[in-house]
Amino acid sequence: MPFYDLKCSCGEVFNIMASMSDRENKRIKCPKCGSNELEAVFTNVNIIQSKEPAGAECPNFHKCGGMCCH
Ligand SMILES: [Zn+2]
């Protein structure tokens, strides 16, 4: 099951392991106030993962044609 960093409408931010259906059906509740009005917080892990495809491209592509990366 994936981990979610969630932010409650009350301002509480918490990390919880839940299935995708738990999240879609709003079965996850804030541990502080019990609300299910939660939004996902994008963590550093998510940011690194989203940058991975771009990182495969060689920064010196204009010099090496990408050969140095393979
Ligand atoms: Zn709350």
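In this report, a donor is an N, O or S atom within 2.8 Å of the metal. With that in hand, the donor residues of the zinc ion follow the spacing C-x1-C-x19-C-x2-C along the sequence. Cys-10 sits in the loop between β1 (3-8) and β2 (13-17), while Cys-30 sits in the loop between α1 (20-24) and β3 (38-40), so this pair ties together parts that are 20 residues apart in sequence. Please keep in mind that the model is a predicted one.

**The zinc site**

The protein supplies the SG atoms of Cys-8, Cys-10, Cys-30 and Cys-33 as donors, at 2.3 to 2.4 Å from the zinc ion. What arrangement do the four donor atoms around the zinc ion make? The arrangement is tetrahedral, because the angles they subtend run from 101 to 117 degrees, and the label asks for all angles to lie between 85 and 135 degrees.

| Residue | Relative accessibility | Class |
|---|---|---|
| Cys-10 | 37% | partly exposed |
| Cys-30 | 4% | buried |
| Lys-26 | 42% | partly exposed |

Cys-30 counts as buried because its 4% falls under the 20% cut-off.

**The fold around it**

Three helices and three strands make up the secondary structure of the chain, and their order along the sequence is β-β-α-β-α-α. Of the 70 residues in the chain, 16% are buried. As for the surface, the accessible area of the chain is about 5,500 Å², and carbon and sulfur atoms account for 55% of that. If you look at contacts between residues at least 6 apart in sequence, 27% of them link residues at least 24 apart.

**The nonpolar core**

Which residues form the largest nonpolar core? Its seven members are Tyr-4, Leu-6, Cys-8, Phe-14, Ala-18, Ile-28 and Cys-30. Strand β1 gives the largest share of this core, with three residues. Cys-8 and Cys-30 belong to this core and are also among the zinc donors.

Leaving aside residues up to four places away in sequence, Leu-6 touches Glu-12, Val-13, Phe-14, Ile-16, Arg-23, Ile-28, Leu-38, Glu-39, Ala-40 and Val-41.

**A backbone detail**

Most residues other than glycine have a negative phi. Lys-26 has a positive value, with phi near 55 degrees. Lys-26 is located in the loop between α1 and β3, and that loop also holds Cys-30.

Technical notes: Residues are numbered from 1 along each chain as its sequence is written. This is a predicted model: local features need pLDDT of at least 70, side-chain atom pairs count only at pLDDT 80 or more; totals for chains, interfaces and linings use all residues. Side-chain values use heavy atoms; hydrogens and water are left out. Donors are N, O and S atoms within 2.8 Å of the metal (3.2 Å for Na, K and Ca); water is not among the atoms, so sites may look incomplete. Four donors count as tetrahedral if all angles lie between 85 and 135 degrees; four count as square planar and six as octahedral if opposite donors are over 155 degrees apart and all others between 65 and 115; anything else is irregular. Helices (H or I, at least four residues) and strands (E, at least two) are DSSP runs, numbered from the N terminus. Buried means under 20% relative accessible area, exposed over 50%, partly exposed in between (1.4 Å probe, protein chains only). A nonpolar core is a set of buried Ala, Val, Leu, Ile, Met, Phe, Trp, Tyr and Cys residues joined through side-chain atoms within 4.5 Å. Contact means heavy atoms within 4.5 Å. Accessible areas come from the Shrake-Rupley method with a 1.4 Å probe; for residues, only the protein chains shown count as cover.
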